[in-house]
Amino acid sequence: MPVLPWAAIDTVLLDMDGTLLDLHFDNHFWLEHLPQRYAAHHGVTRAQADAELLPLFRDHAGTLNWYCTDFWSRELRLSIRDLKREVAELISLRPDADTFLAALRGAGKRVALITNAHRDSLSLKLERVELAPYFDRLISSHDYGFPKEDQQFWQALQADFGFDPARSLFIDDSLPILRSAGRFGVAHLLAVSEPDSRKGPKDTEEFAALSDYRALLAGL
């Protein structure tokens with residue numbers, strides 16, 4: 001991972017799930033807990049639940065619906081908000097993320113959380129992990145009506161938050177989202193090598209990968 005040119009970075013934009021928080025909670029919820037509860041609620045087998053859910057997930061991946069608890073509650077006739085609370089003990093901070101956030105505040109950087117998570121999911125996670133004090137803004141893509149994969153999200157963010165893409169760092173575990181930020185002109189981009197602590201490292205392709213938040217502190 002390269003040493004970041006901190007003198008050339010005024011603004012730090014940070015994803016939440018898989019970047020600051022361990023993605024294990026979300027993977028477990030969508031791939032295990034929700035299918036189990038869906039099967040029980042609708043009186044079908046787990047295999048039938050997977051057969052019904054997985055195509056739906058594929059159809060909506062990368063859209064605002066995919067991240068919307070209201071959409072899935074209507075679509076599946078279940079309270080996604082309540083089901084997430086059933087496994088909320090799995091929500092956890094990635095190692096040393098808070099150390100990095102505190103260092104950013106100490107260095108006087110502008111820091112925004114930008115997440116595709118619905119406000120319901122964001123609120124639940126902020127109940128479990130104290131993140132809010134580290135940020136100038138907490139922004140959900142639902143505030144703008146476009147996911148981070150869409151250039152219109154970045155246009156709305158710039159109009160709202162007033163950042164200079166050429167002097168900004170963005171960290172996210174999603175490669176399509178990093179590519180979207182790059183197209184908008186965000187100069188400094190970092191992927192996350194191991195967003196889910198239970199799954200091991202992933203290939204981050206053209207992006208340098210963050211594995212240890214302490215490594216970012218050099219020169220800050």
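**Helices and sheet, step by step**

Modeller: Let's start with a helix pair: the axes of helix 2 and helix 3 (residues 69-76) cross at roughly 145° and come within 13 Å. Keep in mind that this is a predicted model.

Biologist: Got it. Which hand does the crossing of helix 2 and helix 3 have, left or right?

Modeller: Right-handed, as helix 2 passes helix 3.

Biologist: And which residues meet there, in helix 2 and helix 3?

Modeller: From helix 2 you have Leu53, Leu56, Phe57 and His60, and they meet Phe71, Trp72, Glu75 and Leu76 of helix 3. Sorted by class, the residues in that contact are 6 nonpolar, 1 polar and 1 charged.

Biologist: What about helix 1 and helix 2, how do their axes cross?

Modeller: Helix 1 covers residues 24-42 and helix 2 covers residues 46-60; their axes cross at roughly 120° and come within 9 Å. That angle makes helix 1 oblique to helix 2. The crossing where helix 1 passes helix 2 is right-handed.

Biologist: Who's touching whom in helix 1 and helix 2?

Modeller: On the helix 1 side there are Trp30, Leu31, Glu32, Leu34, Pro35, Gln36, Tyr38 and Ala39, and on the helix 2 side Arg46, Ala49, Asp50, Glu52, Leu53 and Phe57. The contact of helix 1 with helix 2 counts 9 nonpolar, 1 polar and 4 charged residues. Leu53 and Phe57 of helix 2 also turn up in the contact with helix 3.

Biologist: Switching topic: how many strands form the sheet, and in what order?

Modeller: There are 6 strands in an open sheet, ordered 3-2-1-4-5-6, with parallel pairing. Strand 3 and strand 6 (209-210) are at the edges with a single partner strand each, so one side of each has no neighbour in the sheet.

Biologist: How many bridges join strand 2 to strand 3?

Modeller: 4 bridges, between strand 2 (residues 110-115) and strand 3 (residues 137-140), and the two run parallel. To get from strand 2 to strand 3 the chain goes through helix 6 (residues 119-128), in a right-handed β-α-β crossover.

Biologist: Where does helix 6 lie?

Modeller: Across strand 2 and strand 3, running at about 140° to strand 3.

Biologist: Last one: at what angle do helix 7 and helix 8 pack?

Modeller: About 60°, with the axes of helix 7 (residues 151-161) and helix 8 sitting 9 Å apart. Helix 7 and helix 8 are therefore oblique to each other, and their crossing is right-handed. Gln151, Trp154, Gln155 and Gln158 of helix 7 make the contact with Ile177, Ser180, Ala181, Arg183 and Phe184 of helix 8. By class, that contact has 4 nonpolar, 4 polar and 1 charged.

Methods: Residues numbered from 1 in each chain as written. Predicted model: local features only at pLDDT ≥ 70, side-chain atom pairs only at ≥ 80, totals over all residues. Heavy atoms only, no water. Axes fitted to C-alpha atoms, helices over the stretch in contact; angles between N-to-C directions. Parallel < 35°, antiparallel > 145°, perpendicular 65-115°, else oblique. Left-handed = near helix turned anticlockwise from the far one by under 90°. Contact = heavy atoms within 4.5 Å. Nonpolar A, V, L, I, M, F, W, Y, C, P; charged D, E, K, R; others polar. Pairing = 2+ DSSP bridges. Right-handed = clockwise from strand over helix to strand, strands pointing away.
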